[in-house]
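Please examine the sequence and the structure shown below. The paragraphs that follow lead through its pockets and its nonpolar cores.

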Amino acid sequence: MQLTDLNWPAVQALSKDTPIVFPVAALEQHGHQLPLFTDSILLGEIVRRASHRLDDRVVFAPLMWLGNSDHHLDFPGTLSAPPRAYIDLSAGLAENFIQHGFRRIVFVNGHGGNDVPGKQALFEVRQRHRQRSDLLLLFATYWHLASPSMDPGRELHQDQMGHACEWETSMMLRIAPQLVGEVKKLTPVESSTGFEPASRAWITKDRTEPGHIGHPHLATAEKGEALLRVFADGVVALLERVIAWDGKSWGA
Ligand SMILES: [Zn+2]
């Protein structure tokens, strides 16, 4: 179900165990070859595929395109909710549906910069409802829900998501090729942040001059279709677990 298509009595009549999904993405630079709306376009497609398969068992809120992208602000066009604003925005969305009586709230994320503040938001919501034992608050980034590089025959070079990389560029070639610029002449940018396993604070221009991180010159629409399929499967699998949850145990 799409939240945008329901009226309020229809929402009121739903089982309060119905999972509520908030897709969250971004509008930020994606190198020379991809549009600013890449993360939102890609997550929108993955959620569209997943929602068809889940039909009326899950409510999908409209995609939140404003993400936390402060680290990309050196690149023109990027829009960002600063981290504290992003935490409050995300927590507020979850609180709205807790107030409406729902118990299973899932953020499905399509942008790396939302990861830390999105998880912080749900951490804070959980602290505010300490007396409850029936809440399921989840935050999941779509490319962590599946391992496309494990699948034989995909011919992927990258074994993890980069930025405006082989994976994202391939998916954009599959669904919006008219928005993709020249890729063959782009040179690879390796993804190390240095000092691993420590986490080094960074802004994007520390790591890349053109804006991409990874190997976009290897992108093809065929790889893109395979990736979209695997990632939609991953989202469906997670939401099936949320539906199957017994409402009280720690895991499912
Ligand atoms: Zn992206």
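**Pockets and cores**

The residues lining the second largest pocket comprise 10 nonpolar, three polar and four charged residues. This description, like all that follows, refers to a predicted model. The second largest pocket has a volume of about 440 Å³. Its lining consists of 17 residues, and those nearest its centre are Leu135, Leu136, Leu137, Leu138 and Trp250. Helix 4, strand 4 and helix 7 are the elements that each contribute two or more residues to this lining.

The largest pocket holds about 1,100 Å³ of space. Among the 38 residues that line it, Gly112, Gly113, Trp143, Trp202 and Arg207 are the closest to its centre. Two or more lining residues come from helix 4 (115–128) and from helix 5; helix 4 gives the most, with four residues. By class, this lining has 12 nonpolar, 17 polar and nine charged residues.

Attention may now turn to the nonpolar cores. In soluble globular proteins, nonpolar side chains tend to be buried together. Which residues of the largest nonpolar core touch the most other members? Within this core of 39 residues, they are Tyr142, Met171, Phe231 and Leu239. At least two core residues are supplied by each of helix 2 (38–54), strand 3 (104–109), strand 4 (136–141), helix 5 (166–175) and helix 7 (221–244). Helix 7 provides the largest share, nine residues.

Tyr142 illustrates how parts of the chain meet. Beyond its neighbours within four places in sequence, Tyr142 is in contact with residues including Leu42, Ile46, Met161, Met171, Phe231 and Val235. A second, separate core of 24 residues includes Val24, Phe97, Ile98 and Ile105.

Terms used: Residues numbered from 1 in each chain as written. Predicted model: local features only at pLDDT ≥ 70, side-chain atom pairs only at ≥ 80, totals over all residues. Heavy atoms only, no water. Core = buried A, V, L, I, M, F, W, Y, C linked by side-chain atoms within 4.5 Å. Buried < 20%, exposed > 50% of the residue type's maximum accessible area, 1.4 Å probe, protein only. Contact = heavy atoms within 4.5 Å. 1 Å grid on protein atoms, 1.4 Å probe; cavity = no way out; pocket = protein on both sides within 12 Å on 5 of 7 lines; lining within 4 Å. Points joined across faces, edges and corners; volume = space filled by probe spheres on them. Nonpolar A, V, L, I, M, F, W, Y, C, P; charged D, E, K, R; others polar.
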